[in-house]
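Biologist: Could you take me through this fold and tell me what stands behind each term as we go?

Modeller: Gladly; have a look first.

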Amino acid sequence: MSTRLHRRAATTAATLTMAGALGFGVLAPAAHGAGQGPCYDGRCNITVKKSQTIKVNGKKFGFGKVKVTHVNSGSVGFSATSGGIYLSGSTSPGGYVKLNNLKLWVKSVSGGKAKLGLFPTKH
C-alpha cells in the first residue's frame, strides 16, 4: 500500500470512529422520544423477566404496553389492553404470540428470563 493510500485509510477510519463516538452520521442509533424505549417501533431484541412491561407505539399496535405475565422453562405469557379489550397469549420457547399486529417471538428462556424478538406484522 502506498503511503498516500495508507494515510487516507487511516484518516477515514479515525473519522468514522469519531463519528460513532460522537453519535453522528449513519453510525448513530435511531433517536427515541422521551420514555419510548427500544421496542417502541415494534422491532427489537430484548431480554425480559416476569412482570416487566415493554412500551410500544399505541397508535401503530392498538396498545401502548405489553406486560410479561410469566416466564418459566415451559412458556412465556403476555398481555395487553386494546380499546378496552384484554389481549393475552403464551407460548413455549421457539414459538410466538401475535397481539393485534405485533408478533412476540420467544427465542429462549433461561434463569427466569426470556430472550424475545418483536416484529410488526401487516395483519
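Modeller: Let me start with β2 and strand β3 (residues 65-71), which pair in the antiparallel sense over three bridges. This is a predicted model, where local features need pLDDT of at least 70 and side-chain atom pairs count only at pLDDT 80 or more, while totals for chains, interfaces and linings use all residues. Residues are numbered from 1 along each chain as its sequence is written, and side-chain values use heavy atoms, with hydrogens and water left out.

Biologist: What makes β2 and β3 a pair?

Modeller: Two strands pair if DSSP finds at least two bridges between them. β2 and β3 have three bridges, so they meet that definition. Within this pairing, I54 stands opposite V66 in β3.

Biologist: And how are strands and helices themselves defined, and how many of each are there in the protein chain?

Modeller: Both are DSSP runs numbered from the N terminus: helices are H or I over at least four residues, strands are E over at least two. The protein chain has two helices and eight strands, in the order α-β-β-α-β-β-β-β-β-β from the N terminus on.

Biologist: Which sheet do β2 and β3 belong to?

Modeller: An open sheet of four strands, ordered β2-β3-β4-β5 with antiparallel pairing.

Biologist: Why do β2 and β5 count as edges?

Modeller: β2 (53-55) and β5 (85-91) each have a single partner strand, so one side of each lacks a neighbour in the sheet. From one strand to the next, the twist averages 25°; the axes behind such angles are lines fitted to C-alpha atoms (for helices over the stretch in contact), and angles run from 0 to 180 degrees between N-to-C directions.

Biologist: What is the strand order in the open sheet that holds β1?

Modeller: That order is β1-β8-β7-β6, again with antiparallel pairing. Here β1 (44-49) and β6 (96-99) have a single partner strand each, so they are the edges. Neighbouring strands of this sheet are turned by 30° against each other on average, direction ignored. Strands β7 (residues 102-110) and β8 (residues 113-120) are joined by eight bridges, and L102 stands opposite P120 in β8.

Biologist: How do you know that C39 and C44 form a disulfide?

Modeller: A disulfide is a pair of cysteine sulfur atoms within 2.5 Å. The sulfurs of C39 and C44 are 1.9 Å apart, so the pair qualifies. The torsion about their S-S bond is about 90°, so this disulfide is right-handed. The structure holds one disulfide, and both of its cysteines, C39 and C44, are buried.

Biologist: Why is S82 called buried?

Modeller: Buried means under 20% relative accessible area, exposed over 50%, and partly exposed in between (1.4 Å probe, protein chains only). S82 is at 15% relative accessibility and therefore counts as buried. S82 is found in strand β4, and a polar atom of its side chain lies 3.1 Å from the backbone oxygen of G62.

Biologist: What makes a set of residues a nonpolar core, and which residues have the most contacts inside the largest one?

Modeller: A nonpolar core is a set of buried Ala, Val, Leu, Ile, Met, Phe, Trp, Tyr and Cys residues joined through side-chain atoms within 4.5 Å. The largest has 23 residues, and those with the most contacts inside it are I54, F63, V66, F78, L99, L116 and L118. Two or more residues each come from β1, β3, β4 (76-82), β6, β7 and β8.

Notes. A polar contact is a pair of N or O atoms within 3.5 Å; within protein, one must be able to donate a hydrogen and the other to accept it, and residues adjacent in sequence count only if both atoms are side-chain atoms.
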